[in-house]
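Visitor: I am new here, and I would like to understand how the descriptions of this model are reached. Could you walk me through a few of them?

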Amino acid sequence: MHSRPTRFLEGPPGPADAGSLAAWIADLAHRPENRGALAHWETLPARPARCGELSFPLPSALAEALAARGIERLYTHQVQAIEALRGGLDTVVVTGTASGKSLCYHVPVLETLLVEPGATALYLFPTKALAQDQLKGLVRLASGHPDVLKRLVAGVYDGDTQPATRRKLRDGANLILSNPDMLHQGILPYHPKWARFLRALRYVVVDEIHAYRGIFGSHVANVLRRLERVVRHLGGDARFVMCSATIRNPQELAERLTGRAVTVVDDDGSPRGEKHFVFWNPPHTDGARVERRSSNVEGCDLLTGLIERGAQALVFTKSRVAAELVYRYARERLERVRPGLGEAIRPYRGGYLPEERRKIEQALFSGELRGVVSTNALELGVDIGGLDAVVMIGAPPTLASLWQQAGRAGRGPRRAPGGAEAGAGPRSAPGDAAAEAGSRPGEVAPALAVLVAYNETVDQYLMRHPGYFFGRSPEAAVIDPHNPYILAQQLACAAYELPLEVDDAVTFGPQAAAILAALEQAGEMRAIDGRAYWAQTEFPAARVNLRTISDNTYTIMNAAADNAVIGTVDAISALELVYPEAIYLHEGETWFVKSLDLEQKTACVEPRRVDYYTSPVLDTSIRVRGTLESRAWRGEQVTLGELTYSWQTVAMKKVRFHSLDAIGYHPLDLPRLTLDTAGFWLAPGEAAWSAVARRGLNPVEGLMGVRNLFMTLLAMLSMCDPADLGGKLDSSNLGRPALFMFDRYPGGLGFCEQGYARLDELATAALEHLEACDCESGCPACVGLPTLWPAQQQDPDLMHGREIPGKEAARVLLRHWLASEDR
């Protein structure tokens with residue numbers, strides 16, 4: 001829980017902070033051209049540390065190692081977590097960013113390694129970079145005493161680890177840092193070789209569990225069950241310790257991930273520096289109050305202003321294209337300010353080669369870079385130290401992610417007056433005791449976080465309802481370990497590791513038997529004496545990607561340099577980013593796509609200077625495959641069932657840089673993709689249709705507005721990315737216009753099932769949001785647009801300027817439903 005903040009409803013603090021970044025933002029907001037941009041200013045006050053005492057002391061060597069790092073006492077949540085783990089309880093720690101969560105597992109793990117020779121521990125992180133960073137912090141801690149350092153034999157075991165190092169770690173390490181993907185493909189299938197390590201396993205650390213939602217989390221839940229199954233088979237017994245940002249259901253998520261009862265530790269005793277949190281809403285550009293200034297350009301202006309004032313800043317964007325555009329615009333502006341200053345910033349996103357990303361991480365880490373424009377790839381990445389400011393262009397899909405991104409600023413110690421100017425030299429390495437425990441010199445530095453809104457539903461909702469963000473998080477992390485598509489793949493992997501028995505239904509759920517029967521019928525399993533054996537010669541884990549339904553990755557090659565590889569992209573995004581004649585943006589430069597080879601999974605590009613970028617145009621369709629459940633709802637019939645959704649990139653449009661103007665379209669011939677999923681639908685009856693038509697309004701436009709409200713507000717209710725949801729109006733299935741909402745994953749992952757079960761809550765939130773918007777006839781911030789959510793890797797700014805469905809029609813439709821007594 002966050003402490004109650006100080007609210008400045010009339011505006012930011014006065015000029016007492018002259019010279020600070022907060023004062024600069026205040027001055028910026030008072031300029032005439034920015035009238036109305038400052039939607040909200042929140043000051044989160046500094047908070048002192050609260051410490052506790054362990055019931056019995058740590059081993060002297062470990063206590064001295066902590067003291068050598070300046071850690072004399074532990075925060076209350078650290079004490080509670082250590083005591084729970086000492087007591088043999090599986091534990092989840094839910095505290096704020098930079099609250100010293102890592103000590104909650106480092107301390108009990110090192111204590112066990114010291115008192116129990118031969119014991120082992122496994123650390124799992126969602127990213128390779130985070131594993132590398134945690135290893136550095138762990139070694140620094142162990143280096144505080146020779147006995148601790150001598151006992152610790154640790155290393156990172158992931159896809160980048162050399163074969164010789166892998167063998168050494170497998171045979172001799174007592175602490176492995178890895179990720180779920182490597183556990184899935186590189187450890188569990190070879191468990192006989194890992195018998196020494198797994199038999200002695202005492203702790204499994206799963207960090208950043210709020211990242212394990214949706215399809216990724218559903219896969220990881222099964223991987224952890226496979227791990228527990230193998231450890232049990234080898235005679236081991238391990239405790240789980242998990243860490244999470246603040247979410248509504250940490251205990252439920254932790255228990256669904258592990259299948260075990262979990263103790264929650266959420267009494268955050270860490271200190272916090274003062275943080276200024278600004279909501280910045282780009283001003284309207286038209287008298288009708290529909291269009292707003294470009295959010296990308298606003299974010300660019302804030303970044304460059306911060307860097308000009310000597311700050312080190314991080315910008316988060318919502319897509320790869322947006323990251324590239326903001327970086328390109330900011331670099332151009334900084335070069336105009338001072339030649340060479342543009343070199344002080346870099347972009348950062350998925351699809352860059354690993355060595356490129358590490359160079360950027362290290363340059364930001366050391367202070368060589370003054371700014372980075374990133375996707376959410378840096379949200380859970382390495383400790384990048386005490387940044388002065390974070391600018392978030394567009395709200396991330398969950399409030400937990402918004403807090404996580406904002407928490408990237410203000411981690412370091414307070415700077416001396418007249419701190420470093422832009423371009424100053426490297427600072428000391430992050431990860432010091434200052435971020436770990438309660439007894440340390442100095443204070444946590446103040447920080448600035450700015451959320452720049454897009455002109456779309458969720459962002460505008462937050463601008464008008466800041467209390468929704470600054471109160472307790474309402475989100476729940478949704479995973480479905482029993483998703484049949486996921487479970488079929490995971491059971492194949494489990495059978496390869498050990499034959500499956502009847503008792504394994506307790507581990508994998510009641511659906512396991514039926515799925516095993518289907519796999520046997522397909523020839524993938526063979527039942528012998530009540531056990532299911534893997535019956536194929538191929539390696540099942542190799543074909544199962546935990547993070548996306550598509551296992552295919554396209555390689556992007558520079559045709560002008562002997563086809564040198566410059567990046568990668570997943571198969572679905574490839575048809576949005578590297579179709580023929582597209583402009584692919586890489587480190588702010590424009591690359592022309594010469595060809596896309598669908599069989600070889602390659603895209604050939606060449607550098608080309610142009611004044612535009614490209615965006616795909618999609619065509620979609622939907623078909624009902626079957627009904628799972630149906631019920632009456634407020635005079636309508638709403639149905640939960642199975643759907644097939646298909647889409648195709650049929651054209652591209654060219655968009656001029658520094659504007660939102662389309663300067664051309666071009667048709668494309670690319671394959672149609674299909675998705676068998678789950679969702680709910682309803683077709684408004686005659687009463688609802690007539691209620692809208694009697695007012696001279698278009699009922700179809702009203703249903704379009706409801707669809708767009710439902711798509712974005714359901715994402716807030718179910719804690720998923722809006723791109724994980726789809727919504728479509730269709731008349732071909734039921735013979736009259738119907739609204740279809742569906743999950744964008746095979747088999748569904750429970751997002752729209754929540755919408756079906758919580759339809760009253762969803763409709764009420766939609767009406768409240770619609771009526772709070774001050775536009776006259778509809779805008780992108782309320783009823784939205786009569787199109788599907790933009791392609792996942794494209795520019796959210798392009799939602800501006802299209803036809804908008806009728807606001808009043810959507811209002812009448814929602815009021816008609818909510819006034820009905822038939823629930």
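Visitor: What makes Thr127 a cap for the N-terminal end of H5?
Guide: First, bear in mind that this is a predicted model. A side-chain oxygen of Thr127 lies 3.1 Å from the backbone nitrogen of Leu130. A polar contact requires N or O atoms within 3.5 Å, so the 3.1 Å pair counts as one.

Visitor: How do you know that the span of H5 is close to the expected one?
Guide: Helix H5 covers residues 128–142 and has 15 residues. From its first C-alpha to its last it reaches 21 Å, and 21 Å is also what is expected at 1.5 Å a residue.

Visitor: Which residues of H5 are called buried?
Guide: Among them are Ala129, Leu130, Asp133 and Leu138. The word applies because each has under 20% relative accessible area.

Visitor: Why are E7 and E11 called edge strands?
Guide: They belong to an open sheet of 7 strands with parallel pairing, in the order E7-E8-E6-E9-E10-E5-E11. E7 (154–156) and E11 (263–265) each have a single partner strand, so one side of each is left without a neighbour in the sheet.

Visitor: How do you know that E6 and E8 pair?
Guide: Pairing needs at least two bridges, and 4 bridges join E6 (residues 120–124) to E8 (residues 175–178), so the two strands qualify. Within this parallel pair, Leu122 stands opposite Ile176.

Note on methods: Residues are numbered from 1 along each chain as its sequence is written. This is a predicted model: local features need pLDDT of at least 70, side-chain atom pairs count only at pLDDT 80 or more; totals for chains, interfaces and linings use all residues. Side-chain values use heavy atoms; hydrogens and water are left out. The expected span of a helix is 1.5 Å times one less than its number of residues. Buried means under 20% relative accessible area, exposed over 50%, partly exposed in between (1.4 Å probe, protein chains only). A polar contact is a pair of N or O atoms within 3.5 Å; within protein, one must be able to donate a hydrogen and the other to accept it, and residues adjacent in sequence count only if both atoms are side-chain atoms.
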